[in-house]
Amino acid sequence: MINEEIREKEVRVIGNDGAQLGIMPIKTALATAAAKNLDLVLIAPKATPPACKIMDYGKYKFEAAKREKDNRKNQKAMSIKEIRLSPSIDTHDFETKLRSAVKFLQGGDKVKVTVRFRGRELHHTALGEELLQRFADGVSEVGTVDKKPKLEGRSMAMFVAPKN
């Protein structure tokens with residue numbers, strides 16, 4: 001609450017430089033703030049008496065919004081990249097997918113590695129598990145297995161997170 005919105009009779013006033021100005025009636029505090037072309041802002045409503053600070057409220061709101069914007073800018077949302085394999089993948093194709101997974105992990109993204117089983121391949125899930133284990137060994141320098149290989153319907157999935 002600022003200026004006339006404050007409904008207390010007496011308030012403890014803190015100056016814009018942080019100095020204690022003492023306890024005074026609300027009208028005197030508002031007059032003091034108005035004389036300095038600043039606002040009276042209620043900062044501790046539960047205290048007895050409530051504490052108010054004399055400050056430039058518009059400038060305070062602007063700086064708070066700017067800090068919030070900078071904090072949002074510095075956050076990095078981790079995304080999940082997916083790599084699909086088949087149980088009968090050839091070695092060169094496997095190495096290509098492995099290189100792209102390493103690139104994703106170095107970029108700070110999680111990688112979901114999926115082996116898709118089609119038709120009779122579903123009876124040989126051990127091949128898929130072996131393939132995912134080989135994949136985990138290939139990316140072990142830049143990533144760690146977050147979730148172990150798990151069969152979900154016709155596909156087996158494993159999650160790899162970047163190290164650090």
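Predicted model: local features only at pLDDT ≥ 70, side-chain atom pairs only at ≥ 80, totals over all residues.

Colleague: Which residues of helix H1 are buried, then?

Modeller: In H1, which runs over residues 26-35, they are Ile26, Ala29, Leu30 and Ala33.

Colleague: What puts them on the same side of H1?

Modeller: Their directions from the helix axis are what we look at. They cover an arc of only 100 degrees around that axis, so they sit on the same side of H1. As a rule, an α-helix has 3.6 residues a turn, so residues three or four places apart point the same way. Lys27 and Ala35, on the other side of H1, are exposed.

Colleague: What do the buried residues of H1 pack against?

Modeller: They pack against four strands: S1, S2 (20-25), S3 (39-44) and S4 (51-55).

Colleague: Why does Asn3 count as buried?

Modeller: Its relative accessibility is 17%, and the limit is under 20%. So Asn3 counts as buried. Asn3 is found in the segment before strand S1 (10-14).

Colleague: What makes the pairing of Asn3 with Asp39 a polar contact?

Modeller: The two side chains come to 3.0 Å, and N or O atoms have to be within 3.5 Å, with one able to donate a hydrogen and the other to accept it. The contact of Asn3 and Asp39 is therefore a polar one. Leaving out residues up to four places away in sequence, Asn3 touches Leu30 and Leu40 as well as Asp39.

Colleague: Why is the pair of Phe94 and Phe135 called edge-to-face?

Modeller: Their ring centres are 5.8 Å apart, and rings pair within 6.5 Å. The planes stand at 85 degrees, while edge-to-face needs over 60. So edge-to-face is the label for this pair. Because Phe94 lies in helix H3 and Phe135 in helix H4, the pair ties together parts 41 residues apart in sequence. Both Phe94 and Phe135 are buried.

Colleague: How do you know that Arg134 lies over the face of Phe94?

Modeller: Arg134 is at 4.1 Å from the ring centre, and the limit is 6 Å, along with an angle within 35 degrees of the ring normal. Arg134 therefore counts as lying over that face.

Colleague: And which residues have the most contacts inside the largest nonpolar core?

Modeller: That core has 20 residues, and the ones with the most contacts are Leu85, Phe94, Val113, Phe135, Val139 and Met158.

Definitions and conventions: Residues numbered from 1 in each chain as written. Heavy atoms only, no water. Helix = DSSP H or I, 4+ residues; strand = E, 2+ residues; numbered from the N terminus. Buried < 20%, exposed > 50% of the residue type's maximum accessible area, 1.4 Å probe, protein only. Contact = heavy atoms within 4.5 Å. Core = buried A, V, L, I, M, F, W, Y, C linked by side-chain atoms within 4.5 Å. Phe/Tyr/Trp six-rings, centres within 6.5 Å; stacked < 30°, edge-to-face > 60°.
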